[in-house]
Amino acid sequence: MSMDDEIRALRTSVALAAGDHVTCLRIEGEGAYEALDAVVACDLFLQDGQMRPSLLLDEQARPFADIHVARDDEAFYLLAEGPSPGELVEYFDKHFPPGIDAKATCCDGALLSVHGPYAWELCTAVLGPDVGSLPYLAFYRTDEAVCFRSGKTGEYGYDLLISPGELAAVREALLTEGRAFDLALAGLPALDQCALENGIFNVRREGRAGLSPLELGLQWRVSNRKEYVGSAALRARREAGAKARVVWAVAGAAVAEGDDVFLDEQRIGAVLATGFSVIRGEWVALLLLDRSYAFPGIDRFEASHAGERRPLRTVSAPLINNRSLYVSPQRHSYRERDESKMPPFVLSP
């Protein structure tokens, strides 16, 4: 199956992916809240069973890991992308305040992820009816797995933490029940393309460009009221003012990471990430532009690619009108999908 087919399945039905790129840690022990609060960039205003996205920063306020933190009574789960499991544990060992007994350890088990407008229906068939009513940014234990509802594709998304003894059986059950949903197996490149189309941060891509949450548009993921790793550097960068910011764009012809972006003869930035959108039928790109030019709705910019100038048009994210916005577990099912009229994937040209 091609990546385009994986994306079509993810946008219209259900796709199953391995969660090898995600590390699940558990932070527990005396003082777990105090230890984690001193490290993560967000405020830990979480009730039991809730989760929220945030960042782990380095001392220069650059993203070290893209995380979801979830509260489990007096302990926490942390789903992280970017560093290896060993690097994550070393990060916490280094930055946890002294005198606290809490520890960060890798969870026993493996992650599978299920994405798509009907992912809730497949997960309900395999894991039980309560999964279908699980709110966004919450988690729930079934007999077979810990089910985290988050996702980074713009569609319904579930990360399943499954014990080694249950992994084969759960995967087989998803594949078997998934035949009725035209289930596809999706790889990480397809997930990353969907994230790009929805304007969702990717720590493996723009997260390694040496930028801070200011330039990346991620200030909503960090606290302005407490100290944490990187907070001093971020505060200094904020006081100095960001000179550039990211903005999304579409192009009719191929553009590539690293291409310079021009307004007439003035270089105003560069392409950070790009990929062809089989859903939109054109290229989508993430640009880093001088701050005075980083706005949507501008069609005068050009990328310099392979010796040619290629027109760009800046747009607001998300770039896809996701089907999951309109599919309701209370009213829809994949079996009767043809009876429901859905709006187009692209609302503007």
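Colleague: What covers the buried residues of α1?

Modeller: The cover includes β1 (15-18), β7 (110-115), β11 (184-185) and α6. Keep in mind that this is a predicted model.

Colleague: And which residues of α1 are the buried ones?

Modeller: Glu6, Ile7, Ala9, Leu10 and Arg11.

Colleague: How do α1 and α6 cross?

Modeller: Helix α1 spans residues 3-12 and helix α6 spans residues 188-197. Their axes come within 9 Å and cross at roughly 55 degrees. That makes α1 oblique to α6. The crossing is right-handed.

Colleague: Which residues make the contact?

Modeller: From α1, they are Met3, Glu6, Ile7, Leu10 and Arg11. From α6, they are Pro189, Ala190, Leu191, Gln193, Cys194 and Glu197.

Colleague: Now α4 and α5. At what angle do they pack?

Modeller: About 125 degrees, with the axes 10 Å apart. Helix α4 covers residues 119-127, and helix α5 covers residues 164-178. At that angle α4 is oblique to α5. Here α4 passes α5 in a right-handed crossing.

Colleague: Which residues touch there?

Modeller: Leu122, Ala125 and Val126 of α4 meet Ala173, Leu174, Glu177 and Gly178 of α5.

Colleague: Switching to rings. How many aromatic pairs does the structure hold?

Modeller: It holds 11. One of them joins Phe64 and Tyr91. Their ring centres are 4.5 Å apart and the planes are at 10 degrees, so this pair is stacked.

Colleague: Which parts does that pair tie together?

Modeller: Phe64 lies in strand β4 (residues 63-72), while Tyr91 lies in helix α3 (residues 85-95). So the pair ties together parts 27 residues apart in sequence.

Colleague: Is Tyr91 buried or exposed?

Modeller: Tyr91 is buried, with a relative accessible area of 6%.

Colleague: Which residues do ring pairs link into a cluster?

Modeller: Phe64, Tyr91, Phe92 and Phe96.

Colleague: What about Tyr293 and Phe301, stacked or edge-to-face?

Modeller: Edge-to-face. The centres are 6.3 Å apart, with 80 degrees between the planes. Phe301 is buried, at 2% relative accessible area.

Colleague: Where does the charged end of Arg26 sit?

Modeller: Over the ring of Tyr77, 4.9 Å from its centre. There is also Arg309, whose charged end sits over the ring of Phe262. That distance is 4.1 Å to the ring centre.

Colleague: Backbone next. What is the peptide bond from Ala317 to Pro318, cis or trans?

Modeller: It is cis, with omega near 5 degrees. Pro318 is in the segment after β17 (308-315).

Colleague: What is phi of Ala61?

Modeller: Near 70 degrees, which is positive in a residue other than glycine. Ala61 sits in the loop between β3 (51-57) and β4. Ala61 counts as buried, at 0% relative accessibility.

Colleague: And Asp73, what phi does it have?

Modeller: A positive one, about 60 degrees, although Asp73 is not a glycine. Asp73 is in the loop between β4 and β5 (75-81). Its relative accessible area is 48%, so Asp73 is partly exposed.

Colleague: Where is Tyr158?

Modeller: In strand β10 (residues 157-162). Tyr158 is buried, with a relative accessible area of 0%.

Colleague: What is Tyr158 in contact with?

Modeller: Setting aside neighbours within four places in sequence, its contacts are Leu112, Ser113, Val114, Ala119, Trp120, Cys123, Val131, Cys147, Phe148 and Arg149.

Colleague: How many residues along the chain lie between Tyr158 and Leu16, and what separates their C-alpha atoms?

Modeller: They are 142 residues apart along the chain. The C-alpha atoms of Tyr158 and Leu16 are separated by 9.8 Å.

Colleague: Last one, Asp290. Where is its place?

Modeller: Asp290 is in strand β15 (residues 282-290). At 30% relative accessibility, Asp290 counts as partly exposed.

Colleague: Which residues is Asp290 in contact with?

Modeller: Leaving out neighbours within four places in sequence, Asp290 contacts Lys243, Ala244, Arg267 and Ile268. Asp290 and Ile268 are 22 residues apart along the chain, and their C-alpha atoms are separated by 5.5 Å.

Note on methods
Residues are numbered from 1 along each chain as its sequence is written. This is a predicted model: local features need pLDDT of at least 70, side-chain atom pairs count only at pLDDT 80 or more; totals for chains, interfaces and linings use all residues. Side-chain values use heavy atoms; hydrogens and water are left out. Rings of Phe, Tyr and Trp (its six-membered ring) pair if their centres lie within 6.5 Å; planes under 30 degrees apart count as stacked, over 60 as edge-to-face and the rest as tilted. Helices (H or I, at least four residues) and strands (E, at least two) are DSSP runs, numbered from the N terminus. Buried means under 20% relative accessible area, exposed over 50%, partly exposed in between (1.4 Å probe, protein chains only). A charge sits over a ring if NZ of Lys or CZ of Arg is within 6 Å of the ring centre and within 35 degrees of the ring normal. Axes are lines fitted to C-alpha atoms, for helices over the stretch in contact, and angles run from 0 to 180 degrees between N-to-C directions. Angles under 35 degrees count as roughly parallel, over 145 as roughly antiparallel, 65 to 115 as roughly perpendicular and the rest as oblique. A crossing is left-handed if the near helix is turned anticlockwise from the far one by less than a right angle, and right-handed if clockwise. Contact means heavy atoms within 4.5 Å.
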